[in-house]
Each structure stands twice: as structure tokens, then as C-alpha cells.
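Let us walk through this structure from the inside of one chain out to its partner. Keep the model in view as you read.

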Amino acid sequence: MMRSVTKYALLGTAMGLLAAVPAAAQSSGSDGGKDKAEVIHWWTSGSEHAAVEQFEKAFDAQGGNWVDAAVAGGGGDAARTNGINRIVGGNPPDAMQFNTGKQFDELVQNGLLRNLDPLAQKYGWKKEINPVLLSAVTEDGHMYAVPVNIHSNIWLWYSNSALDKAGVKPPQSWDDFFKDADALKKAGIIPLAQAGDAWTQVLTFFNVLIGEGGKDLYMNVVKDRSADAIKSDAFMKVAQTFGKLRNYVDDGMQGRQWNQAIALVIDGKAGFNFMGDWAKGEITHDGKVPGKDVGCIPGLGHNAFWIGGDVFVFPKNAKDEKGQDLLAKVMLEPKVQVAFNKEKGSVPVLTDISTDDLDACATKGVNLLKKEDYVPSSDILISPDLTGSLTDLVSSFFTDKSMTPQAFVDNFADIMAK
Amino acid sequence: MKPRRLRNVAAQTALIPSWLIVIFAYIGTIAWTIRISFTSSGIFPHYDWVGLKQYDRLFDSHRWVVSVQNLAIFGVIFIVGCLVLGFLLAVFLDQKIRGEGILRTLFLYPYAMSFIVTGLVWQWILNPTLGIEQAMHAWGWSSFSFDWLARGDRAIYLVAFAGIWQSAGLVMAILLAGLRGIDEDLWKAARVDGIPAWRIYLSVVIPMLSGMFVTALVLLGIAVVKVYDLVVAMTGGGPGISTEVPAKFVIDYLFNRQNVALATAAASVMFVAVFVVVGPWLYSQYLRRRPGEAS
């Protein structure tokens, strides 16, 4: 008798616990009358944090309540995993960051993101936003994301003090680059500061592809996935140059983050670093002047601007729709755009903003944009799945000196043929 | 006492929640995962049918092959290392030494840390420009070189080493409990017969501890199959893809690379592999009626 009483008591407790869990989950979420917005992003380095604070300040000043849900790491891999998981699971954040491109296509196709047309009409966004970006966030004529910046990934950064110490000048061509790198090596300075994350190695690869191969080769290889272009001598040259870079990195590469890599260049401990123009954020954050202390080359060999950047999407069924509206409006206000992009090291997305007080590197970028010397980012051209396969290949090749450029080209062709 | 049938009803009622969890949360999701692996799903599941296409791609993928090889290397080194080191530590502590309490805590302490912390700490220690190598250079031994973490062909061994550092203490605790359960008289008898201690351990004690070894083996085996966090924290799968593991392949494709079908195909392969290994053992342990035993 005693035993069965215990059993029923246990059963009752278990059921009580089961009932209590959803109740506890429901109890959070009062916002004190303010328009709350929980925002998932991956801006966690010093300068990125300073930039995202501009959004937060402006949003809070206009009656919002910014709830920060930053997820660090992996060029956004971790944040996107977290956010997509929550959207698919029915507990979406109010806003979430993606890279400009195809990363959120499927969310749009499955009707999980808010159509921003009403807001776009109200604030006249479609006339003001850079057309390449506008088309990247538009599907079937509707706008589904707010672009917040234009970044170019294909910059070569160099330390003037390190080059002086090695007694060489900034490179004009890839031949110069390798001469400089040899001199730096002799002077006991790390020639190329490279981060260990696979995405940073992919970025270096695209630097070489566009710089050495030119933007036509890039478009033929990445957009058209042309087998002839991949088998061409020009692409082989790219593979060889990229492979040669393997000899100029140091042992500390593994485990190094992108901001630690550019910091080596800022401190003059390394000569070169391939990184997007968000690196500029780290440079100014350290009190240095981009273009003066740390030089910049937009695509060594063939100058070009790579149009990419970040957008925010606003999932349907989020907790606070008014908060979403307000946040979208704030992000595209000219004043906020300037303040944010200055910290972030990027170019504002609104075409009519004055670009007079930009630094030397940003001016180079804006000039290339005006001359239409630009290419869409790889995120705009190819799917995350394909990008993933390329990432595996590029990072294997870059970290394994026994792999030949020929093997790299063959594997590259295989991946692109699928 | 109530009649037997009534008690059975009560027992079965109490088990309903467990049954529901088993059927829907375990068996149901396994079946669903396998179903999805035969589709062309992207971020979201579609219920079309593409046959073995995802499996073709999976076994064609260099990264998957590397992941499986790494799991084998990691698994063997990690399990053997933990068992040997854990056993030696347990025997050492069983010698009625002084300060056993402190030492026991010290050896078990790494297990209190998650694999994430373990991975990060060892990443810093083994990083050639931050850790041991740098320290040796700073102390004047400039020819010292230990760059395994930066070498694709060696990094996986360091991951296994960090795993052993973390988990050997657990094996020690389990085996120490077993050693304490061994009758003092056995040692006295062996001493009278003049048998050397190592011989007693090898021929008598280890067979007596076989149950403990199996427990440890199962715990370590589970840790091997699901290893993910240690790799993410310590190497991020790098250099290149040289320390990738199957669980990381699944997670990467499931979310970031937006290919649920390929991820579920990989997960199904993992499931089948585990099932093939564990199934016969489960059968012999629980399902087969032992001879001479009433049901």
C-alpha cells in the first residue's frame, strides 16, 4: 500500500512539473510600454561593438528598448545558426543580421520574413538605397531586408612602419608583394598576418582571385561557374599565387581571430593582412589613421570594389511588431547611417549622403563605386551550401602545403560543376 | 497488498509519459531524420524523394571522409588513453598514500570543466606563438619547436590528448570505487602465495573489475560519438578541415550551410554506425534470455 502511494505521489509531482514548465516560459516578456526589439547580430569586436552601439543609442532615444543578443564567432556562423534555429522553431528574434546575399533566401520563400514594402514606401527607401543592394534584398519586387552598410572584402592592408623597417615600398603588383614579403621575412617580421578561421582564408582567396585574375575572371568563375574559365591559365595563376602565400604565414595562424590578425599589422608586427574594410574599424579604434599608418589597396593588381555587407531581416510573428518598425526606420536614418558606418569602417547605403568626411581608404572605395568598378559579393552570387564546399576546399589547400595548385583547380572545378 | 493486475495498471499509467517521450521524442525523430535524408531539403524540410542522392554526395565529400577518419583516430586514442591512465591513477591512489583526498580531487577536477573550457585552455597552451613554445623561447631554448596544433597531420592527436586530460579522472573515480570493493583477503592470500603485485592486477583484479570497465567504456564511447564542443573550442575543425568530426559536419550543414537533407543523411549514417556496434551488445545484455534464468 505504502509503495503505490509513493508512486502516485511521484506521478503527481512529475505531471505538476510538466505543467509548470510552459508557465515559467511565458512569464518573461513585459516591456514596460517601450517598443522592445531583440536583435541577433555577430558584431562583437571592439569597433563592431562601437558601431552597433550607434543603432542601440538611436533606437533607445526614440522610445525603443534594444535587447542585445550578440552571438560571437565564425564570421557570423554561430549567430546565424542561433537565429535561423529560433525562426524555424517559432520563437523568432525581432531582428536578425545576415550578410547581404542569398543567406536568407529560403526564409523569404517560406514566408517567414516580413515584407517591408509599406515601410519602404512610407520612408522612400527604394529611391535612396544603392541599387545593387536594393536588388539583393528584393525578391519578386518586394523588399525583405534592411541593408545597413556596404563593405568591400577585397582589401590588402599593410603596415608602413613594418615595410620601412624591411626597407621596401608598398607593392604595386603581386611580384612586388612577394619581394616585399621576402624582405619582411628576412627582417624577422611576419610577412602575412592571416587568421585561422576558414572564412578569413576564403576572403584571402577572393582577394587573389580578383586582384590577380581581375573582375571578369571572378564573374566567369563564381557567377557563371564556367568550366573553361576554371581550367584557364589565368585561374591556374590565381591558384599558384594563392598557394605561394602559404609560405608567408606564421605558426600562430591557427586559433587567431581576424581582429587579432589586423592588430599585428596595426602594431607593425606583421607586414600584410587581407581583410574586408571592417578592419578599418579596428585601425581607427586603436587611434591610427587608415591610409596613413596602415595603408590600403582595394584589390592588388586589379583595383575593384566588392559590394557586400550586412542586412537586418525582421521575422514574422516576433514579439513586438512596433519595435521592428521603429528599428528599421532608425537604421536607415541618414544621421544614424553616418554614425554607424564611420565606426564600422563601411560606406553608407544611402546614395545621397555626403561622403566628404570619409577617410582616405573609404574615398578610394567610393571612387571605385562611382566608376562602376565593382563586383557583387560571393554571398550574393552563390548559395551558402556551395560557399561551404568552397570554404572546405580553400582552407584545406591553404593549410596543407602538400596540396598542389593543380589539385586545387581540379577540386574547384568538381565543386562548381555540381 | 492489492491484486497484481491493479498494481500493473498503476505502473503502466505511471509509465505513459515515458512511453510518449520514447515514441515521439526518440523513435519518432529518428524516423523523421531518416526520412528527411532522402529529400532535397534546404533550410526547411520538403517531403519530396530523391533517393540516395544525399548519401552519394556525403561519401563523395572529402570533408566527411576526413571527419570519419578523425573520429576513428580520436576514438581509439581517447578511449585507450583514458582507460590506461585512469586505471594507473586508480591503482596509484589505492596504495593507501597520504593526501589521497587532495590528489583524488585534483585528478577528477578536469572532468568538472566542460569540453569548451578544456578546448580553449589547451588551444592557448599549445598555440606556438602563445603557449609552451613561446615560453621555451622566452627562457632561452630557442630551438624548441612544438607546432602540432598548426599542423594538419598532427592536430587531431592534440585534440585526443586534451580529451584524455579531461576524462581520465572520471575513469579513475569509477575504477577506484571498484578497487575499494575488492576483498582485503584476496591480497593477503596472494601475498602468502608470493605472487607479484602486477600479476595480481593483470590476472585477478582487472577481470574482477570488468563491469566497471564496461561502464567507463560506454561513457567514453558516448563522448566520442558526440564530440563537437572540444573540436570547436580547440581548433574550429582546422587547420583547414584536418580536425573536423562528424557531429560538426551535421551541425554546419544543418544550419549555416542550409542543407538539412545532407545533414540528416550524415546523422543517419552516424546513427546506423552506432546501432551496428551497440545493437548486438544491447541484445546480448538485455533482450536475450540468459540460460537458467527464469523470466
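Begin with chain A, which splits into two domains: domain 1 covers 35-150 + 309-366, and domain 2 covers 155-303 + 383-417. Keep in mind that this is a predicted model. The C-alpha centres of domain 1 and domain 2 of chain A are 28 Å apart.

Now look at where these domains meet. In chain A, 19 residues of domain 1 are in contact with 17 residues of domain 2. Together domain 1 and domain 2 of chain A bury about 1,300 Å², and carbon and sulfur atoms give 59% of that area. On the domain 1 side, A:Ser47, A:Gly345 and A:Cys361 lose the most area to domain 2 of chain A. Together these residues account for 32% of what that side buries.

A:Asp359 and A:Lys280 form a salt bridge, with their closest N and O atoms 3.7 Å apart.

Which helices of chain A give two or more residues to the domain 1 side that touches domain 2? They are helix H2 (46-61), helix H17 (334-344) and helix H18 (360-370) of chain A. H18(A) gives the most, with five residues. By class, the domain 1 side has five nonpolar, eight polar and six charged residues.

Next, step out to chain B. The contact between the chains takes 32 residues from chain A and 29 residues from chain B. Chain A and chain B bury about 2,700 Å² between them, with 54% of it on carbon and sulfur atoms.

How many salt bridges cross the interface of chain A and chain B? There are three salt bridges. B:Arg57 and A:Asp385 meet through their side chains in a salt bridge, at 3.0 Å from N to O. The interface of chain A and chain B also has 15 residue pairs in polar contact, both residues at pLDDT 80 or more.

H20(A) gives the most, with nine residues. By class, the side of chain A that touches chain B holds eight nonpolar, 14 polar and 10 charged residues.

Conventions. Residues are numbered from 1 along each chain as its sequence is written. Chains are lettered from A and ligands numbered from 1 in the order in which they are written. This is a predicted model: local features need pLDDT of at least 70, side-chain atom pairs count only at pLDDT 80 or more; totals for chains, interfaces and linings use all residues. Side-chain values use heavy atoms; hydrogens and water are left out. Contact means heavy atoms within 4.5 Å. Buried area is the accessible area (1.4 Å probe) that two parts lose on being put together, summed over both. A salt bridge is a side-chain nitrogen of Lys or Arg within 4 Å of a carboxyl oxygen of Asp or Glu. A polar contact is a pair of N or O atoms within 3.5 Å; within protein, one must be able to donate a hydrogen and the other to accept it, and residues adjacent in sequence count only if both atoms are side-chain atoms. Helices (H or I, at least four residues) and strands (E, at least two) are DSSP runs, numbered from the N terminus. Ala, Val, Leu, Ile, Met, Phe, Trp, Tyr, Cys and Pro count as nonpolar, Asp, Glu, Lys and Arg as charged, and the others, Gly among them, as polar. Domain bounds come from an automatic or database domain assignment.
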